[in-house]
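Good morning. I will take a few minutes to walk through one structure. Please look at the display first, and then I will start with charged pairs.

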Amino acid sequence: MAINSDEANPLKCTWNCHNNIMHCLSNHRIKLLKPYLNIISPVYMGIIFLLKATGNYALANIVFLVVLWPLFMYFLLLKSIELRLEIKLLKEKNNGRRF
C-alpha cells in the first residue's frame with residue numbers, strides 16, 4: 001500500500017476518507033469533532049464540491065485555500081487593527097465629554 005493510497009482502510013485514514021467522508025466517520029474514532037459533525041460536514045463537503053466544480057481541483061485548492069483565503073484573513077486582521085486605532089483615537093478626542 002502506498003503512503004497516499006486511495007484504498008479504503010478501516011485502521012487509518014487515507015485519501016478514501018477525503019473522497020468518502022462516510023467511510024471515515026464509520027470506521028475511525030472521531031472524538032473531538034463528534035459534537036460538531038452536523039456543522040462541519042456540510043461545510044467540508046461543500047468546499048470540496050466547489051473546488052471540484054472548477055474542473056481542476058488541485059489548482060483551485062492552491063488558489064483559494066493557500067493564496068486567497070489567507071490574504072482575505074490578513075485583510076480582515078488589518079481592518080480590525082485599523083478600526084481599533086480609530087476607536088482609540090475617538091476615545092482620546094472625546095475624553096472628558098459625555099455623549
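How many salt bridges does the structure hold? The count is 1. Keep in mind that this is a predicted model.

The partners are lysine 79 and glutamate 82, whose side chains meet at 3.6 Å, N to O. That value falls within the 4 Å cut-off, so the pair counts as a salt bridge. In general, side chains of opposite charge can pair when their charged atoms come close. Here the two residues sit 3 apart in helix α4, so about one helical turn separates them.

Helix α4 runs over residues 57-93. It has 37 residues and reaches 52 Å from its first C-alpha to its last, close to the 54 Å expected at 1.5 Å a residue. Where does α4 bend? The bend is at leucine 68, by about 35°, and proline 70 follows within four residues.

Next, confidence. The chain averages a pLDDT of 86, and 92% of the residues score at least 70. Among the elements of the chain, α4 has the highest mean pLDDT, 95. The lowest mean, 78, belongs to helix α2, residues 21-27.

On to helix α3, which covers residues 37-53. Its 17 residues reach 23 Å from the first C-alpha to the last, close to the 24 Å expected at 1.5 Å a residue. Which residues of α3 are buried? They are Leu37, Ser41, Ile48 and Leu51. These four cover an arc of only 110° around the axis, which means they lie on the same side of α3. The other side of α3 has exposed residues: Asn38, Ile39, Pro42, Phe49, Leu50 and Ala53.

Last, the cysteines. A disulfide is a covalent bond between the sulfur atoms of two cysteines. How many disulfides does a search of the whole structure find? It finds 0. As for accessibility, cysteine 13 is partly exposed at 49%, whereas cysteine 17 is buried at 7%.

To recap: 1 salt bridge, 0 disulfides, and a bend in α4 at leucine 68. That is all from me.

Terms used: Residues numbered from 1 in each chain as written. Predicted model: local features only at pLDDT ≥ 70, side-chain atom pairs only at ≥ 80, totals over all residues. Heavy atoms only, no water. pLDDT = per-residue confidence, 0-100. Expected span 1.5 Å × (residues − 1). Bend = angle between axes of the 7 residues up to and from the residue. Disulfide = S-S within 2.5 Å. Buried < 20%, exposed > 50% of the residue type's maximum accessible area, 1.4 Å probe, protein only. Arc of directions from axis to C-beta.
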